[in-house]
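Biologist: I am new to this structure. Please show me how to read its features.

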Amino acid sequence: MRYLDEVTFIKESPDSHYDPDLGEWVEKEPTRTVFSANITDIGTDRSVEVFGDIKQGAKVMRMMPLFNMPKYDYIEFDNKKWVLMTYRNPSKRNTFILQEVNQ
């Protein structure tokens with residue numbers, strides 16, 4: 001299996017806050033962790049099993065063996081935001097089912 005896709009696990013900064021003097025929300029830089037992955041479209045049978053119907057914007061992401069999951073809030077791939085729907089670890093190969101988030 002080839003791990004040619006680049007994914008970024010993003011953890012929002014806990015230092016983001018509302019600044020009453022500025023009157024606005026101040027975003028601090030999030031923590032970004034980049035990994036190589038194998039990403040494919042989800043099959044129709046699997047989509048029905050996970051979501052109850054066929055979903056557009058769902059992907060299967062497979063990580064290399066011995067992958068250590070970082071703490072994260074969401075995943076970026078292909079200039080889109082993704083959230084974890086389900087996770088499996090068959091034969092020490094981390095497999096994620098991701099759903100695209102409309103921003």
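Biologist: In S8, which residue is the bridge partner of Val83?

Modeller: This is a predicted model, in which local features need pLDDT of at least 70 and side-chain atom pairs count only at pLDDT 80 or more, while totals for chains, interfaces and linings use all residues. Residues are numbered from 1 along each chain as its sequence is written, and side-chain values use heavy atoms, with hydrogens and water left out. Strands of a sheet pair through backbone hydrogen bonds, either parallel or antiparallel. Here, Val83 has Gln99 as its bridge partner in S8. Another partner in S8 is Phe96, which bridges to Tyr87.

Biologist: Over how many bridges do strand S7 and strand S8 pair?

Modeller: Strands are DSSP runs (E, at least two residues), numbered from the N terminus, and two of them pair if DSSP finds at least two bridges between them. Strand S7 (residues 80-88) pairs with strand S8 (residues 95-101) over 7 bridges, in the antiparallel sense. Their hairpin has 6 residues between the strands, and Ser91 there takes a positive phi near 50°.

Biologist: What joins strand S6 to S7?

Modeller: Strand S6 (residues 74-77) is joined to S7 by 3 bridges, and the two run antiparallel. Phe77 stands opposite Lys80 in S7. The hairpin of S6 and S7 has 2 residues between them, and Asp78 in the turn has a positive phi of about 55°.

Biologist: In what order do the 6 strands close into a barrel?

Modeller: The order is S1-S4-S5-S8-S7-S6, with antiparallel pairing. Neighbouring strands of this sheet are turned by 45° against each other on average, direction ignored. For such angles, axes are lines fitted to C-alpha atoms, and values run from 0 to 180 degrees between N-to-C directions.

Biologist: Is Asn38 buried or exposed?

Modeller: Buried means under 20% relative accessible area, exposed over 50%, and partly exposed in between (1.4 Å probe, protein chains only). Asn38 lies in strand S4 (residues 31-41) and is buried, because its relative accessible area is 14%. Its side chain reaches the backbone oxygen of Arg2 at 2.9 Å.

Biologist: What is the relative accessible area of Tyr87?

Modeller: Tyr87, in strand S7, has a relative accessible area of 34%, so Tyr87 is partly exposed.

Conventions. Helices (H or I, at least four residues) and strands (E, at least two) are DSSP runs, numbered from the N terminus. A polar contact is a pair of N or O atoms within 3.5 Å; within protein, one must be able to donate a hydrogen and the other to accept it, and residues adjacent in sequence count only if both atoms are side-chain atoms.
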